[in-house]
Amino acid sequence: MTQTPITIIGGGLAGLMAALAAAPAPVRLLNPMGPGQGAASAWSQGGLAAAVGEDDSPALHIADTIAAGAGLCNGAAVRRIIEAGPALIDLLLRSGVRFDRDAAQALALGLEAAHQRPRILHANGDRTGAEIIRALIEAARATASIEFFPATARKLLLRDGEIVGVLAEAASGPVTLAADRVLLATGGIGGLFRYSTNPPTAIGRGLILAAEAGAQLQHLEFVQFHPTALDASGGTSLPLISEAVRGEGAVLIDETGARFMAGRDLAPRDVVARAVFAHQAAGHRVFLDARMIGARFATRFPAINAICANAGIDPVTQPIPVRPAAHYHMGGVAVDAQGRTSVPGLYAAGEVACTGLHGANRLASNSLLEAAVCGMQAGQDMAARPAKPPCPLPALPLPPRPDAEAVRDIMATHLGVLRDADGLQSAIAQLAPLAPHNSAAQLALLIAEAALARPASIGAHARADDLRFMNQAA
């Protein structure tokens, strides 16, 4: 058994920011594939939202965030995180992040859905997350207080209701790590669905750990479906066609060439995802027509251009086939302003956490902002807490691994873009017998129960049996 004062589970944006912010306090960062590997933040194309433009302000960004959140945002959390945006950009620039710039060498700012102003910063066109992660990994490797530990956290260890350690699985087998401050930075739940834009390992492992430890969970029913995942790929992880493509003028069409969004191609994601879903349910195929971008497409969106080329699609001459896919979880482990959960010593940041920023529907490109700001704030708070003496812990067997494949079709069928009571009750009936033996099914069951308990449609949670909502949508 070894001891470290701070243990961070996950090597994406939130985890790296926390580790760097905690320095020089000793940190052990657990990630089975190494820092940045398997992290959804490294896949992020669209960018990072921050009110740094001359005609922009945090007040406008706050208003857009609250409008997208459909009345369920936590106002204090929104102000705290959004107002930290400009300073975060300065910090990332000092850390070596190479954001794109315009001809005058000012930061280039893009427009995305439901934003009043262009405020989306990109890097290398559509490789924003990868560039931010690159710079942070370099900084972390140069920080002597950060230890990278290749292992998967399998269980949180508690004594008298407080965190005392982590049971992890390393290549050599089980390892028990004493730790009195643990940060969950494990990402989302997209891998519980048949089709997702997330890494296949994003199956809610952090939520599973937190739930088993007795932490309070919040807003589990709110799952955002991105309207434009590439519909030309096998497997469960579908490549994302970023909203930034629509920000550059691309529009949604069907197989006849008709624009069915009535000019609202940059409406909030839940609106667009439901429209795409409904059009496909009516027997149509849906495409993103980016041909008007022309030859600029390859330089503006190099990663997406490569994704399309691998699928045999030329975006300059061909519309891109798309479909909705599970993309982001607004719910998560309930946390306060410092990232503290209801379990003493346990923190959460990034997509696994529910800060109150997103409410019922996340505003585009607010996820990287939240992960970076909240990861940093959690790291600072953990470092400020005095370390306790290590607690002797026994050797323990590893629990069974979560089996996400067993729940993917259930989640896709009954907890997708549109839900109803009959479908949710069916999902619960199918998941209940699986839950005692499969922690992925236990988490899926909690999500289904939360969705059934909210009969009214709001934000990304759309109920087909909510007649008022359906009449308004029609």
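Visitor: In what order do the strands of the open sheet of four strands lie, and what is their pairing?
Guide: The order is β13-β16-β15-β14, and the pairing is antiparallel.

Visitor: Why are β13 and β14 said to stand at the edges?
Guide: β13 (223–230) and β14 (251–254) each have a single partner strand, so one side of each has no neighbour in the sheet. Neighbouring strands here are turned by 50 degrees against each other on average, with direction ignored.

Visitor: What kind of model is this?
Guide: The model is predicted: local features need pLDDT of at least 70, side-chain atom pairs count only at pLDDT 80 or more, and totals for chains, interfaces and linings use all residues. Residues are numbered from 1 along each chain as its sequence is written, and side-chain values use heavy atoms, with hydrogens and water left out. Helices (H or I, at least four residues) and strands (E, at least two) are DSSP runs, numbered from the N terminus.

Visitor: What makes β14 and β15 count as paired?
Guide: Two strands pair if DSSP finds at least two bridges between them. β14 and β15 have four bridges, in the antiparallel sense, and therefore qualify. Val251 stands opposite Asp289 in β15. Strand β15 (residues 286–289) also pairs with strand β16 (residues 320–329), antiparallel and over two bridges. Leu288 has Ile320 in β16 as its bridge partner.

Visitor: How do you know that both faces of β14 are covered?
Guide: On one side Val251 and Ile253 are buried, and on the other Leu252 and Asp254 are buried too. Buried means under 20% relative accessible area, exposed over 50%, and partly exposed in between (1.4 Å probe, protein chains only). In a regular strand the side chains alternate between the two faces of the sheet.

Visitor: Which strands form the open sheet of three, and what is the pairing?
Guide: The order is β12-β17-β19, and the pairing is mixed. β12 (217–218) and β19 (353–354) are the edge strands, each pairing on one side only. Strand β17 (residues 332–334) and β19 pair in the parallel sense over two bridges. Ala334 has Cys354 of β19 as its bridge partner.

Visitor: Why is the pair of Phe193 and Phe225 called edge-to-face?
Guide: Rings of Phe, Tyr and Trp (its six-membered ring) pair if their centres lie within 6.5 Å; planes under 30 degrees apart are stacked, over 60 edge-to-face and the rest tilted. The structure holds two such aromatic pairs. The centres of Phe193 and Phe225 are 5.6 Å apart and their planes stand at 90 degrees, so this pair is edge-to-face. Phe193 is in the loop between β11 (181–184) and α7 (205–212) and Phe225 is in β13, so the pair ties together parts 32 residues apart in sequence. Phe193 is buried at 2% relative accessibility, and Phe225 is buried at 8%.

Visitor: Why is the pair of Phe297 and Phe301 called tilted?
Guide: Their ring centres are 5.3 Å apart and the planes are at 55 degrees, so the pair is tilted. Phe297 is buried at 0% relative accessible area, and Phe301 is buried at 0%.

Visitor: What makes Arg300 count as buried?
Guide: Its relative accessibility is 15%, so Arg300 falls in the buried class. Arg300 is in helix α10 (residues 296–300). Contact means heavy atoms within 4.5 Å. Leaving aside neighbours within four places in sequence, Arg300 is in contact with His122, Gly125, Asp126, Ala244 and Glu248.

Visitor: What makes Thr7 count as buried?
Guide: Thr7 has 0% relative accessibility and therefore counts as buried. Thr7 lies in strand β2 (residues 6–9). Among its contacts beyond four places in sequence are Arg28, Val166 and Leu183.

Visitor: How do the axes of α1 and α12 lie to each other?
Guide: Helix α1 (residues 13–22) and helix α12 (residues 366–384) have axes that come within 7 Å and cross at roughly 35 degrees. Axes are lines fitted to C-alpha atoms, for helices over the stretch in contact, and angles run from 0 to 180 degrees between N-to-C directions. Residues that meet include Met17 and Ala21 in α1 and Ala372 and Gly375 in α12.
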